[in-house]
Number of protein chains: 2
Amino acid sequence: MNPKSKPKIIIVGAGFGGLFATKGLIRAHADITLIDQQNYHLFQPLLYQVATAGLAPSDIAWPIRGILSKQKNVTVLLDSVNGVDLNTQEVITPQRHLAFDYLILATGARHAYFGHESWEQYAPGLKSIDDATSIRQRILMAFEKAEMTHDEIERQRLLTFVVVGAGPTGVELAGTIAELASRTLAADFRNIDSRSARVILLEAGPRVLPAMPTELTVYAEKSLTNLGVEVRLGSAVTHCDESGVMIGDEHLPSATVLWAAGVAASPAAQWLEANADRAGRVIVKADLSVPDHPNVFVIGDTAAVKDSNGKPVPGIAPAAKQQGRYVSDLLKALIEGRPKLGEFKYKHSGNLATIGRKSAVIELPFIRLTGFFAWWVWGIAHVYFLIGVHSPLLVGLSWLRQYVTYGRGSRLITGRRFNKDDV
Amino acid sequence: MNPKSKPKIIIVGAGFGGLFATKGLIRAHADITLIDQQNYHLFQPLLYQVATAGLAPSDIAWPIRGILSKQKNVTVLLDSVNGVDLNTQEVITPQRHLAFDYLILATGARHAYFGHESWEQYAPGLKSIDDATSIRQRILMAFEKAEMTHDEIERQRLLTFVVVGAGPTGVELAGTIAELASRTLAADFRNIDSRSARVILLEAGPRVLPAMPTELTVYAEKSLTNLGVEVRLGSAVTHCDESGVMIGDEHLPSATVLWAAGVAASPAAQWLEANADRAGRVIVKADLSVPDHPNVFVIGDTAAVKDSNGKPVPGIAPAAKQQGRYVSDLLKALIEGRPKLGEFKYKHSGNLATIGRKSAVIELPFIRLTGFFAWWVWGIAHVYFLIGVHSPLLVGLSWLRQYVTYGRGSRLITGRRFNKDDV
């Protein structure tokens with residue numbers, strides 16, 4: 001390629017990885033195309049708040065075009081991607097082939113059902129705004145139906161909420177549903193006592209938050225129990241249907257089962273015919289490029305990367321951001337003919353999870369925090385992350401509004417055609 | 001009925017009429033059941049803002065249970081109503097019969113297609129949150145598709161927005177879409193210039209805002225034209241399909257046609273087998289009761305009521321609120337054995353419409369306002385109305401946030417499964 005010509009860079013996915021790669025290229029002499037299936041960038045760490053009616057979708061999602069309107073070297077394309085042709089160096093969408101000189105795949109991950117994909121309809125996962133609003137509808141409709149039924153057994157089933165998987169998402173969902181039932185909705189119904197709802201957190205492994213140190217795990221489990229969540233460890237789900245879940249021989253009747261277990265990467269590895277790990281993540285080189293394809297990069301949740309200790313880099317937002325920034329720096333150096341950058345080095349900034357509205361556990365490189373103070377650190381850290389993308393005033397207002405309206409503002413059941421058999 | 005026993009009051013519909021009737025009965029010695037198909041009360045005057053991506057659904061809709069959680073004499077039922085049995089004095093829902101001593105029907109209105117109900121799929125109206133989010137999706141997707149197409153004629157069709165009907169909703173929709181295209185989206189696209197979009201407001205009658213004095217009509221028309229809206233008077237739509245609309249022999253190609261013409265009342269008149277006017281509104285007595293049924297009341301957009309000059313009371317929020325309050329006072333007097341209240345007297349507080357973000361026309365009993373000052377009066381009036389339902393702090397925050405995020409916050413395309421033939 002002539003170094004004077006403008007290279008074509010295609011970035012697929014506008015999550016943290018793709019967006020930070022794009023923003024990192026703001027001063028690059030290049031034609032960048034950013035492709036996403038949605039027209040918004042999603043702040044996924046707070047998605048559980050939309051699913052539990054604490055925040056509105058537009059509090060945590062922003063139009064990609066708006067974020068990038070001033071970055072004139074980027075064209076945003078609302079489109080899906082079907083594959084990549086490495087011979088012709090093209091990205092294939094349903095209606096066109098787009099040529100690239102450099103390609104960055106940041107296509108993320110979804111939940112894994114470990115070969116039981118049919119369970120998804122009974123136990124939806126939480127990855128998109130539409131997932132979140134549909135889970136919100138399920139949770140709120142369960143209370144509505146419980147208020148209306150005259151069948152005591154059915155009422156108990158409707159008031160039993162099962163969360164499968166005790167990673168951060170599962171812990172945050174379970175804690176927030178418990179608070180919704182015991183606090184937010186406590187005065188709303190006349191025939192049921194929402195506080196009698198059961199929230200059960202199932203975990204196949206021996207402890208909650210397995211990525212965290214044991215000390216924080218123990219604290220998180222105690223906090224969940226204090227909120228009224230029944231934590232059941234060593235409990236793998238063996239079957240799922242509309243009546244509830246099976247754990248071995250035990251049937252747990254529940255109208256609302258939410259899936260927060262396992263991660264399956266996007267089909268990027270298939271598109272590239274590249275080697276993948278068990279979760280389907282592309283095994284990339286130390287510069288995040290695909291073996292034998294130095295101009296194709298895979299970043300974020302769909303890449304298998306190792307840190308300097310040989311441990312896998314976790315599938316969390318800060319990791320994706322760092323990888324996006326790294327690849328944008330590497331491409332800028334390449335385009336400008338500067339010496340090639342060194343290897344990608346992951347800097348672990350910590351793990352965190354909230355448990356309800358008053359507690360959190362945080363693991364930072366030099367300190368571990370728990371309790372109400374940790375919750376505030378968590379809040380401030382999130383404001384800080386958000387300000388990376390948005391103006392401080394907007395973020396401050398959104399948060400002030402969230403704090404004031406918490407559990408009141410977004411309890412809308414939308415997108416539902418009224419159905420005779422519904423209630 | 002024994003005056004000591006607790007009468008059963010059923011209120012159908014939690015719009016302005018139904019909600020204010022319910023709140024007016026807060027101290028009534030009665031068992032009140034409020035039935036609505038949705039779990040939220042909707043501030044309909046701002047619905048056009050959701051449809052045009054200025055506000056989020058939860059900015060203008062609030063859970064009914066939350067509003068009434070402290071009013072212990074009310075049970076809220078999320079259910080649809082199929083009819084009323086006046087012989088047994090029961091309200092019929094899909095799964096149950098509910099007995100009443102007093103009944104208030106506040107079931108509202110939808111848009112009328114004047115016998116062309118099949119047009120609704122091509123030219124949706126705006127009455128619910130789901131209408132608004134689906135119109136928002138249509139408008140935003142039209143720009144997205146225009147950005148992607150290589151067909152110049154199709155691009156023009158995609159960038160032509162037609163609003164049918166120049167009442168307040170039509171005027172507000174057209175003005176806001178014009179601003180969206182000329183301001184909010186102006187920097188977002190690379191292949192199209194969103195400012196080249198055409199917004200056409202069609203009105204069958206001789207002027208816009210026909211309920212307003214001519215002077216305000218003229219001003220509104222000029223303001224619309226200044227925003228770039230093409231106002232076409234005396235233009236009745238004779239056909240609607242996916243290609244656009246017909247006005248007599250003229251075909252107007254458009255991918256986004258919105259319907260803001262005509263009003264059809266709910267089926268309350270059929271349920272009651274009562275006399276109705278041409279729009280289907282129940283013709284009620286001076287105390288808003290149904291002839292021969294002194295314990296059954298119809299209020300709001302589904303009632304035909306005359307003011308003291310013999311003119312029909314308009315189908316606007318303040319009228320519905322006044323009727324809701326009146327019926328609650330009347331019922332309280334009845335229940336407490338006090339003398340019967342006088343007739344309902346409508347107090348006209350004014351008509352208003354905004355044109356974009358900087359102009360409005362307002363007709364008050366003693367004064368007419370136009371321009372930017374009117375826009376602020378409109379804003380303050382709406383904050384005042386909202387405070388009737390919500391805490392001032394919440395309303396203030398919502399509005400501050402709206403003013404800061406205007407045209408940025410809510411441009412989300414949600415509820416859309418990605419479709420191969422889509423773009």
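**A strand with two partners**

Analyst: Strand 24 of chain A is joined to strand 25 of chain A by a hairpin through 4 residues. Before going on, some ground rules: this is a predicted model, so local features need pLDDT of at least 70 and side-chain atom pairs count only at pLDDT 80 or more, while totals for chains, interfaces and linings use all residues. Residues are numbered from 1 along each chain as its sequence is written, with chains lettered from A and ligands numbered from 1 in the order in which they are written.

Strands here are DSSP runs of E with at least two residues, helices are runs of H or I with at least four residues, and both are numbered from the N terminus. Two strands pair if DSSP finds at least two bridges between them.

Strand 24 of chain A and strand 25 (residues 368-370) of chain A run antiparallel, with 3 bridges joining them. Ile362(A) has Leu369(A) in strand 25 of chain A as its bridge partner.

Now the other partner. Strand 23 (residues 351-355) of chain A is also antiparallel to strand 24 of chain A, and 5 bridges hold that pairing. Ala353(A) sits opposite Val361(A) of strand 24 of chain A. This pair forms a hairpin too, with 3 residues between the strands, and Gly356(A) there takes a positive phi near 70°.

How covered is strand 24 (residues 359-363) of chain A? Mostly: 4 of its 5 residues are buried, where buried means 20 or more other C-beta atoms within 10 Å of a residue's own (12 or fewer is exposed, in between is partly exposed, and C-beta atoms are placed from the backbone). As background, side chains in a regular strand alternate between the two faces of the sheet.

Zooming out, chain A has 12 helices and 25 strands. Of its 423 residues, 49% are buried. Its C-alpha atoms fill a box of roughly 75 × 50 × 45 Å along the principal axes. The radius of gyration of chain A is 22 Å, which agrees with the value near 22 Å for a compact globule because the chain has 423 residues; that radius is taken over C-alpha atoms, and the globule rule is 2.2 Å times the number of residues to the power 0.38. In chain A, 64% of the contacts between residues at least 6 apart in sequence join residues at least 24 apart, a contact being two C-beta atoms, placed from the backbone, within 7 Å.
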